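This report covers aromatic pairing, sheet layout and charged contacts in the structure shown below.

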Amino acid sequence: MDRASPVPLYFQLAQQLEAAIEGGRLPPGTLLGNEIQLAARVGLSRPTVRQAIQTLVDKGLLVRRRGVGTQVMHGKVRRPVELSSLYDDLEAAGRHPATEVLRHTTAPAPAEAAAALEIPAGTEVVLIERVRLAHGEPVAHLRNHLPVGLLELDRAELAGTGLYRLLRAAGITLHSARQTVGARAATAEEGERLDEPAGAPLLTMERTAFDETGRPVEFGSHVYRASRYSFEFQLAGPP
């Protein structure tokens, strides 16, 4: 710790702990002990350590467990904003994705999905609703609308892999997408589904994916736990 630095000591400790978690030196499940033990170990006061721990608890990197102490959680999923599926991104990051299929049916397209798929409102579409998990924890609630007849799907396939992987396997090339990212508070139902309290912050994403001919083939409306998930953007300056 640099005591001469203008950066508060609690923030320095939080940064060091976060770097150790993200770098794998403190793997998920590691016990840091209680605040008194940790304060003695790093040579800081207990209030300073408590503030550092709370910073990382708020980020979803640490959890306090009664009778156990402070424990490292699985890190937040950082997903690049590109035309890829959450399942593939989690798998590539070694996060052991799993899927709970809530609905797989046909239903009249709501106005928003119909506009995205360029069909009349009320046209029958395939509706897929799922909860995506990483390491057994819910990360996102996914709702997708697809044109009827685009491809054959069953619940077992949807539970075992990602939708975009199934589209590619059916010979459908995903060429581009139009996407909007936002945020809002969780409803009570969403909170229960995603293991968050009602009112917790959620990230939202709406995406329309197009094939190589420019045909819209999928409209997704998804919500993600802000405590477990973030989007990453790469920005370039003007030419």
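## Aromatic pair

A search of the whole structure finds 1 aromatic pair. The rings of Tyr10 and Phe11 have centres 6.3 Å apart and planes at 75°, so the pair is edge-to-face. Rings of Phe, Tyr and Trp (its six-membered ring) pair if their centres lie within 6.5 Å; planes under 30 degrees apart count as stacked, over 60 as edge-to-face and the rest as tilted. Tyr10 is partly exposed, with a relative accessible area of 23%, and Phe11 is partly exposed at 35%. Buried means under 20% relative accessible area, exposed over 50%, and partly exposed in between (1.4 Å probe, protein chains only).

## Basis of the model

This is a predicted model, in which local features need pLDDT of at least 70 and side-chain atom pairs count only at pLDDT 80 or more, while totals for chains, interfaces and linings use all residues. Residues are numbered from 1 along each chain as its sequence is written, and side-chain values use heavy atoms, with hydrogens and water left out.

## The sheet

An open sheet is formed by 6 strands in the order β5-β6-β7-β10-β9-β8, with antiparallel pairing. Its edge strands are β5 (97-108) and β8 (174-185), each of which pairs on one side only. From one strand to the next, the twist averages 15°; axes are lines fitted to C-alpha atoms, for helices over the stretch in contact, and angles run from 0 to 180 degrees between N-to-C directions. Helices (H or I, at least four residues) and strands (E, at least two) are DSSP runs, numbered from the N terminus. Two strands pair if DSSP finds at least two bridges between them.

The antiparallel strands β9 and β10 are joined by 9 bridges. Gly220 in β10 is the bridge partner of Arg207.

## Salt bridges

The whole structure has 8 salt bridges, a salt bridge being a side-chain nitrogen of Lys or Arg within 4 Å of a carboxyl oxygen of Asp or Glu. One of them joins the side chains of Arg143 and Glu129 (3.3 Å, N to O). Arg143 lies in strand β7 (residues 137-147) and Glu129 in strand β6 (residues 124-134), so this pair ties together parts that are 14 residues apart in sequence. Arg143 is partly exposed at 27% relative accessibility, whereas Glu129 is buried at 6%.

Glu189 and Arg193 form another salt bridge, with their closest N and O atoms 2.9 Å apart. Both residues lie in helix α8 (residues 188-194), 4 residues apart, about one turn of the helix. Glu189 is exposed, with a relative accessible area of 53%, and Arg193 is partly exposed at 23%. Arg225 forms a salt bridge with Glu196, again with the closest N and O atoms 2.9 Å apart. Arg225 lies in strand β10 (residues 216-225) and Glu196 in the loop between α8 and β9 (201-211), so the pair ties together parts that are 29 residues apart in sequence. Both Arg225 and Glu196 are buried. Elsewhere, salt bridges link Glu35, Arg46 and Arg50 in a network.

## Surroundings of His141

His141 is in strand β7 and is buried at 4% relative accessibility. Its side chain makes a polar contact of 2.7 Å with that of Glu129. A polar contact is a pair of N or O atoms within 3.5 Å; within protein, one must be able to donate a hydrogen and the other to accept it, and residues adjacent in sequence count only if both atoms are side-chain atoms.

Leaving aside residues up to four places away in sequence, His141 touches Leu102, Glu129, Arg130, Val131, Arg193, Leu194, Ser221, His222 and Val223. Contact here means heavy atoms within 4.5 Å.
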